[in-house]
Amino acid sequence: MVDELFFSHEIANIMYASHGEPITNCLQCGTCSGTCPAVEFMDHTPRQIIGMIRADLKEEVMASNTYWTCASCFHCTVRCPAEIDIADMMYALKRYSMWKGQFREGLIGPDFSEAFVKMIVNSGRSFEPLLAATYLPKFSARDIIQEGLMATGLVLSGKMPLLPKKIKGLKKFQQMVRRIIPIGEPS
Amino acid sequence: MKQYAYYPGCSLESLGKSYNSSAMAVAGALDVELKEIEDWNCCGATAYFPVDELLAYTLTARNLAKAEKTGLDFVAPCSACYKNAYFTNSYLQRDADLAEHINYALEADNLHVSGTSKVRHLIEVFINDVGLEEIKNKVTHPLKGLRVAPYYGCQILRPRKDHEDVENPQYFEGLLSTIGAEPIEYASKTRCCGGSLIITNRKAALDMVRILLLDAINHNADVIATTCPMCNVNLEVYQNQVNREFGTQYSIPVMYFTQLMGLALGIVPGNLGIGKEQISGASMLAFAQNAKQERNL
Amino acid sequence: MSERIGVYICHCGTNIAGIVDVADVSKWAGEKLADKGVVVSRDYKFMCSSLGQELIQKDIKEQKLTRVVVAACSPHLHEKTFRNACKGADLNPYLCELVSIREQDSWVHTDKAAATVKAKAIVSGGVARVIHHEALEPLRVPIHPATLVVGGGIAGIQAALEIADAGFRVYLVEREPSIGGHMAQFDKTFPTLDCSACILTPKMVDVGNHPNITLLTWSEVQKVDGYVGNFTVTIKKKPRYIKTEDCTGCGICWEKCPKKVVDDIFEAGMGKRKAVYVPFPQAVPKYPVIDDVNCTYYLKGTCKACEKFCPTNAIDFNQKAEEITVEVGNIILATGYDLFDARRIPHYGYGKLANVFTNLEFERICNAAGPTGGNIVLRDGKTAPKTVGIVHCVGSRDKNYNAYCSAICCMQSLKFAHLVRERTGAEVYNFYIDIRTPSKGYEEFYQRLLEEGTRFVRGKVAEVTNVARVPEEEGKLIIQVEDTLIGKQRRIPVDMVILSSGMQARHDSKDVAKLFGISCSADNWYIERHPKLDPVATMTDGIYIAGCVQGPKDIPASVVQGAAAAARVLGKIQQKEIALEPVRATINEDQCSGCRICNNLCPFNAILFHEDKMVSEVNLALCQGCGTCVAGCPAGAISGTGFSNDQILSQIDGLLLLNISHAAVPVES
Amino acid sequence: MTEESKPFEPVIIGFTCNWCSYRAADMAGTARMKYAPNIRLIRLMCSGRLDPTFVFKAFAGGADAVLISGCHPGDCHYVEQNYKAMRRFHLLKRVLVQMGIEPGRLKLLWASAAEGAIFAAEINKFTEEVRALGPLNWSQPGEIVSTPIMEEVTA
Amino acid sequence: MSKPKFAMYWAASCGGCEIAVLNIHEKILDVDANFDVVFWPVAMDAKYKDVEAMEDGSILLTLWNGGIRNDENEHIAHLLRRKSKILVAFGSCACEGCIPGLANFSPIKEVVDTAFTTITTDNPDNLRPQTSYAMPEGIITIPTLYPVLKTLEQVVDVDYYMPGCPPESHQIAAVIDLVVQVLQGKAELPPKGATIGAGNSTVCDECPRKRNVKTIKEFGRIQLMHADPELCLLEQGIPCNGPATRSGCNARCPTVGAQCIGCYGPAEGVVDYGARLISAFASVIDSNKPDEIDKILDGLVDPAGQFYRFNLAGSLLRSSKSAQKG
């Protein structure tokens, strides 16, 4: 018989290729959170998240915006005295919550990522304007205007192309992708 | 003539056009041939890992595989692409199981990756392969007295402990002095600009941008030099929003290191994509000009 | 003649009997190994008990046993016990073999059947082996009564005095011009806050004046030959350029010397000294040293001010380094520690931000005899700080630097905090991961600090920066840290930052270890013979360690170890001679072809080659019995007592239960 | 349990040095760590005493694998003798391969006196690896080498 | 009174031993003078049945050369053992397998195929020898090959060993002298199981080359380098088996500049010849880095062949796994 998996184990399991130390090594010293440039926008500091995972507070962790606020700058990973790959753990948490489909209301991150991947799978390349559709609705009116102004500015300055590009070997590319995950069926 | 498998990355086709043109121009001037990898795909920046790690690695692996075929080093001008490629490559070498999964997927595209090609960032190619000496010899318009804030950003450095000092690197400074500019020493040079948050968490990103601008400006930099299209856009395009958000009046030009190199090498601004920026880099030109006059005297 | 072997299986209560069917094993041995010479096979509750031993002795006498095999615990535990038991019954102790069926079997296995089979195999291996044992006598070597102590810090000083007071010769070697070590640099000592110099200086003077202590400062050990009881040590005396027999230490030379040099050693770079100097006023010995790297005379060829003014003509610019050799029986290593280099953590700003100090620098600042005369001031030398941040665990408990805890930093930081408040009234922040105050009076000191109102922030400091984000941060050092007790990132502006850099092994500790033939841990601390039960001895007989060379520790602990090492040495000296395990290699001269393969296999230079006879020979006194040459000799001309080829090859057969008749195997159902 | 379903139980001879690896084994014992009963240890003073003859003897005598263990490089109680063991190990392995003995049947393991856990773990790992390789039963045609020892108590 | 009986037999070997015996020149006359040669296939006509007819133990001295390759060899070994007082394993083949023993590296099928198919063999119909074949005259048989070659002592009890490929003539002469003296009651036989006609030490003992403390940075093949004529070959990286090989040949090969290949076998008391060399060579390799060590070892092509050229059948492992599988 299989023992029921603890949350901490689940997270450990999906940190597939990470070569950092397991989070059980955490000293709770706070170096990560002291270093993090985005910490003040997080509900919980990275250190607290590790503590919560170890305490198997799954619901609380899922409800936190911390890992969606991670900028993936890896500064925590560099400094961690226990050599835990914290940034990677944040990715793992994102994956976990996407997979379980449970995350905080009003977050843009999940949709954005999903849309981003869909786009890549469909064209092989990324293209900013297409993405706007996914996040603009969640923006405040003021932000939307901002975004519009900026976009036009970019287009005029020739920095932003108006049409998306596609890669040539798209068919094979998509077969390749489907060998890994069945998401983003080509439209 | 040194050759490299060049991976521009999506941004260099849109927001980072001027990075691409300046990179090409400078490479040309330094006898470096950047052969674009044929039919490359997006590396996924930071947006894949949240969805599927294996997919993320595979997408990067596809580009690496194509590079391996050529037997040339894989060179990326975008720090984010570079970091993804670097990780993927080193994991491929260390983790046979991962490699197997990825190669299974790559078969669909008749590709195979073994992690043998070296993954490198454009700036490091110029510095190590061309060499500062060589660059110095080719400088015609030294940017005398131009105070430049070298902005490394995060992705180009982390988290590679085995590599150069990740907390306090010096090679960018070295390059800038080589082209006659005056690099300023400021603490935030490796601090993250929030590039990956600019869409998903605007507030946080703007605050991170603010701190960088503030540190650079407090050290009276004339310009911030970047090595990554994400950083560049974040620091430049969003300055207005920062000002609106925090009531500041920042207006500091942000240039790609290749653009500054180009000027110093006497390449015409047009070919460096200068003139398209939102915050004019005209002052840069002035410097180059002065330099020229001085020489002519 | 075939041997008469007794086999004894120990139950060790249930420790063995719980897993291994001891009765079956002893029955099996009695039957199956009879043709190997086993005449008695017994199992008993506790073989190591006096009753168990008597049982063996009785059999030896009545059954005329010529060999004994005991299957019980690890030889490292009770080999001596059972050897002595045999000795008591007039059987040569080395004809007894102890095989482990506890540590190597019952304690590590759960499958009873398999464990029992393994026990049989182990016993049969022991029996096969013991047949080839030879009667041996332990080697006896006299012990030279003198002792070498390396390192003149507090641990070395303590050890030297203990031994000298007991009336034996001590050679105390110190690399620096004066003894005293790190302790001499400190101001106050925790937790009692008594002045370091006041308690250390008298001991230093005792060393200087002691008739039994030969003090060799400004000297280094070059070479160590020999073995326990009989070491020959070559020591290099670096030139002082001072005739110590004439020098009175009056100090005129360093008064007159025109050349000022930054003192990186004693003043930790905070202060200056002259080119001819004594590191500090209470230095022992009192003679100065001329620093020939900076002395104007050695640089330019002129000056000699010191020589002109020296009232006793004690200056000798032509002095050369000299080598002396001393004979000693035992050696104590007390070479101390190096400070972790805070520059390795660039984001803490040491070396870039002026007002970031290391703990050693701060000790000097506090010290009344130090560069600031004991005034706690910023780098500018005048401004007193209003707020001070003390950063714990700098380079310690961090896998990027040193993974271990440096043990003293917590108390040292608390001491600093107290001194700062006491002398400047400044606000003091301690940034810590955990406060560790395990010794007597330490926790009380921590309580006292809390009462004094020192602020404690639990969190490892992320970075120290001067990038101000808000007006109140302008012109300050900002300490960025997560206050883990409230789960918020905080930026705390201070005037002065003190980094409690941890201890690490001496930069050359690996070389020194090699010099003395002892081993280092992964962190390059020296390894003790047993972490609990033999903390000051090493795996190499006759070499002991004391103080921080064994690992981070504070002054009391260092003194304790110094005394402990001395006690061990005195014990050895009293024995006058020591018995060495007779495990040695010998070369059969007829078979040796002088091919010289073995000649450089011995790190103890125990193998010498006779050009005349063209054969090699082992010096039994130098041989440590590792057996590498035995295994290496292509002619099979070298044999090793205690671990001979016959013994091991037979043991292999035994372990594999070879040549044991099938038919007779008892079939249980 | 029928003969067929009985899993193959390899016999492994392990050589340890007196100072590090044997003490590691002792420590595994005192800490009551559990590992496979397939290994039988022989204590030498130093891994430098390891004579290739012992290894051949063990294989010829019916051992399915041999473990050679000693102090970590640089930590040898006899300063540097474990390096000699390492050198012999490398050459020995080449010869064994030529004799048709899988390299996986000979293992070199450094274990300090403090590494009981590592020692135990490595033995388990090794045992499984050898189990996977199957029996070596090194026998010359027409002679019985090793006594089938499992039967003794289970038959 | 009749002279003591002498026999010599040639099993799996090249015949060099027989020549070596003849090489003792006039000493051969002593043999004839002191012995009645009853069985010596290469020198005289004799039939097995004649031997079988002899009384057990009636032959005083039998020199046996060659290994046990087939059932005939083994049968005769048992026969001569029975008939002889003193059975001497004569020459490397009988003592330790020698060159024929090298076949123990390969499955017997491979050995036969090599013999009957490779280009050096003219065998258009790709025939193989049959152990028995029916002919009108009746069934004829030839001996059956064993999967591996065995040494003499592996099939019968041996009294003395006389190593060498072949044994040096002066050593043979010495042994014959000894036996003659024993017959005349002037000398004692050495203890049973002793090695005769050789020294107790190793080749280096008789080697004139200069030698120093050894460290090996690189192994090389003698034909590819200019070896210093004065200096120990091993020190120059040439894998010379001298240090492990029993003395008695006057260091013939090293003296003339070729490395010793070990035909005199292990020194007194050595259990496994190759193991001694593996241990000795490896011990003096001048590196502590695994990859560097491997690089140095790459210079030793075919180590097993190097260390077991003469000794494979007599070694602890005796044969390779594939050979055992047959």
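## Chain E against chain D

A salt bridge is a side-chain nitrogen of Lys or Arg within 4 Å of a carboxyl oxygen of Asp or Glu. By that rule, 3 salt bridges cross the interface of chain E and chain D in this predicted model. In one of them, the side chains of D298(E) and R94(D) meet at 2.8 Å, N to O.

The contact (heavy atoms within 4.5 Å) takes 36 residues from chain E and 29 residues from chain D. About 2900 Å² is buried between the two chains, and carbon and sulfur atoms give 64% of this area. Buried area is the accessible area (1.4 Å probe) that two parts lose on being put together, summed over both.

## Chain B

Chain B holds 11 helices and 8 strands. These are DSSP runs, numbered from the N terminus: helices are H or I with at least four residues, strands E with at least two. The C-alpha trace of chain B spans about 60 × 45 × 30 Å along its principal axes.

Of the 297 residues in chain B, 68% are buried (under 20% relative accessible area, 1.4 Å probe, protein chains only). Among contacts in chain B with a separation of 6 or more, 77% join residues 24 or more positions apart.

## Basis

Residues are numbered from 1 along each chain as its sequence is written, and chains are lettered from A and ligands numbered from 1 in the order in which they are written. In this predicted model, local features need pLDDT of at least 70, side-chain atom pairs count only at pLDDT 80 or more, and totals for chains, interfaces and linings use all residues; side-chain values use heavy atoms, with hydrogens and water left out.

How values were computed. Buried < 20%, exposed > 50% of the residue type's maximum accessible area, 1.4 Å probe, protein only.
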